[in-house]
Amino acid sequence: MNNRKCMGKDKDGVIFPVAPKLSEMSDSYLNFIEEIKKEIQTQRISVVLNANSSMICLYWNIGKAILQKQEEEGWGAKVIDRMAKDLKDAFPDMSGFSPRNIKYMRKFAECWPDFEIVQQIVAQIPWRTNRMLLDKLDTQEERIWYAHKTIENGWSSTILDLQIQSKLIERTGKSVNNFPAALPPADSDMANQIFKDPYLFDFLGTDMPRREVEIERKLTEHIQNFLLELGQGFAFVGRQVHLEVGGDDFYIDLLFYHLKLRCYVVIELKACDFEPGFISQLNMYQNVVNDILRHPSDNPTIGLLLVKGKNQTVVEYSLAGYQNPIGVAEWKNQMVKALPEELKSSLPSIEEIERELE
């Protein structure tokens with residue numbers, strides 16, 4: 001334990017660490033940590049807002065280009081679905097190119113024809129908040145007013161929604177004379193939201209995530225061909241199968257239907273070590289497939305998660321309590337939790353999968 005403080009029982013590989021009390025630390029440390037926290041807060045919010053502004057301007061440019069093409073060449077709505085597929089193929093690590101989000105880009109450019117206003121005001125707030133301004137308000141004057149208040153007060157989209165519902169603009173007046181560029185409070189709801197924005201996270205993708213996506217793509221292609229060549233009853237349904245849940249976009253790596261087991265098989269491949277959230281994501285996909293695609297006579301959907309590596313203890317705790325049949329395997333080691341016995345004979349062995357992944 002290296003004299004670390006902890007809670008609960010001692011168990012190999014599992015610890016609830018407890019930090020030393022502040023009263024045990026020197027004044028020098030207390031001053032030092034406050035300076036570090038202040039510097040981190042300032043730099044983080046500045047960098048992320050600059051990145052957010054670039055992303056919002058990109059979305060406006062895409063929306064403007066679509067509007068121009070539709071006006072010049074009479075393109076219909078079906079172009080959006082084609083465009084979404086082509087952009088997703090070209091940028092598989094970005095979730096911002098779903099049909100739904102591209103339609104918002106078009107509406108965004110349509111409602112904000114002046115790019116200067118976009119740069120000065122709405123590019124300073126998160127994309128989710130911008131979409132709410134489009135959905136909840138009818139005039140540009142109102143959108144500008146609420147956008148300004150969002151920056152000034154650091155509102156999240158949830159708080160903005162409450163302010164719009166309560167008709168704050170009618171209670172305080174519409175007059176706004178200027179739009180000073182300022183950072184929202186570092187601990188504001190808006191700052192917290194923008195740091196968690198999945199669109200921005202994808203937009204900022206570093207070299208490592210891109211390499212991981214490329215690895216996952218190649219693994220997906222390989223395991224898809226491998227399962228079909230086995231001839232054990234796998235029928236290919238789709239790859240990167242798009243589903244929308246509660247207005248959010250998700251993509252299943254591989255979806256099969258097993259003719260012998262009479263059930264769907266959801267497969268997720270990760271080019272990184274196991275993380276507990278992978279199980280939750282896979283379980284959600286299984287639940288959606290069971291609810292939307294599964295026929296009443298079908299068996300429950302099977303989930304297979306293939307990862308680069310794992311901490312066995314973390315995997316076992318992560319799997320505890322889930323009712324859906326889930327198998328988790330390393331590329332080079334054994335399956336951590338076996339699927340039910342009756343399913344094994346109709347599925348490839350983990351050794352077969354490992355040989356293919358190697």
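Asp135 is partly exposed, with a relative accessibility of 43%. In this predicted model, Asp135 forms a salt bridge with Lys107, and the closest N and O atoms are 3.8 Å apart. Lys107 lies in helix H3 and Asp135 in helix H5, so the pair ties together parts that are 28 residues apart in sequence. Lys107 is partly exposed as well, at 29% relative accessibility.

**Other salt bridges**

- The structure holds seven salt bridges.
- One of them joins the side chains of Lys69 and Glu73, at 3.2 Å from N to O.
- Lys69 and Glu73 are four residues apart in helix H1, so about one helical turn separates them.
- Lys69 is partly exposed at 33% relative accessibility, and Glu73 is partly exposed at 48%.
- Another salt bridge links the side chains of Glu152 and Lys149, at 3.6 Å from N to O.
- Glu152 and Lys149 both belong to helix H6 (residues 140-153) and sit three residues apart, about one turn of the helix.
- Glu152 has a relative accessible area of 45% and is partly exposed; Lys149 is partly exposed at 22%.

**Helix H1**

- H1 has 47 residues, and the distance from its first C-alpha to its last is 69 Å.
- That span is close to the 69 Å expected at 1.5 Å a residue.

**A buried arginine**

- Arg131 lies in helix H5 (residues 127-136).
- Arg131 has a relative accessible area of 10%, so it counts as buried, the limit being under 20%.
- Leaving out residues up to four places away in sequence, Arg131 touches Arg100, Asn101, Tyr104 and Tyr199.

**Nonpolar cores**

- The largest nonpolar core has 48 residues, of which Ile102, Phe108, Trp112, Trp127 and Tyr146 touch the most other members.
- Helix H1 (residues 27-73) gives this core its largest share, eleven residues.
- Apart from this core lies another, of 20 residues, including Tyr264, Val266, Cys272 and Leu282.
- Beyond its neighbours within four places in sequence, Ile102 is in contact with Ile66, Ile80, Met83, Ala84, Leu87 and Phe97.

**Confidence**

- The protein averages a pLDDT of 78, and 75% of the residues score at least 70.
- Over residues 331-340 the pLDDT stays under 50, and the model has 42 contacts for them beyond four places in sequence.

Conventions. Residues numbered from 1 in each chain as written. Predicted model: local features only at pLDDT ≥ 70, side-chain atom pairs only at ≥ 80, totals over all residues. Heavy atoms only, no water. Core = buried A, V, L, I, M, F, W, Y, C linked by side-chain atoms within 4.5 Å. Buried < 20%, exposed > 50% of the residue type's maximum accessible area, 1.4 Å probe, protein only. Helix = DSSP H or I, 4+ residues; strand = E, 2+ residues; numbered from the N terminus. Contact = heavy atoms within 4.5 Å. pLDDT = per-residue confidence, 0-100. Expected span 1.5 Å × (residues − 1). Salt bridge = Lys/Arg side-chain N within 4 Å of Asp/Glu carboxyl O.
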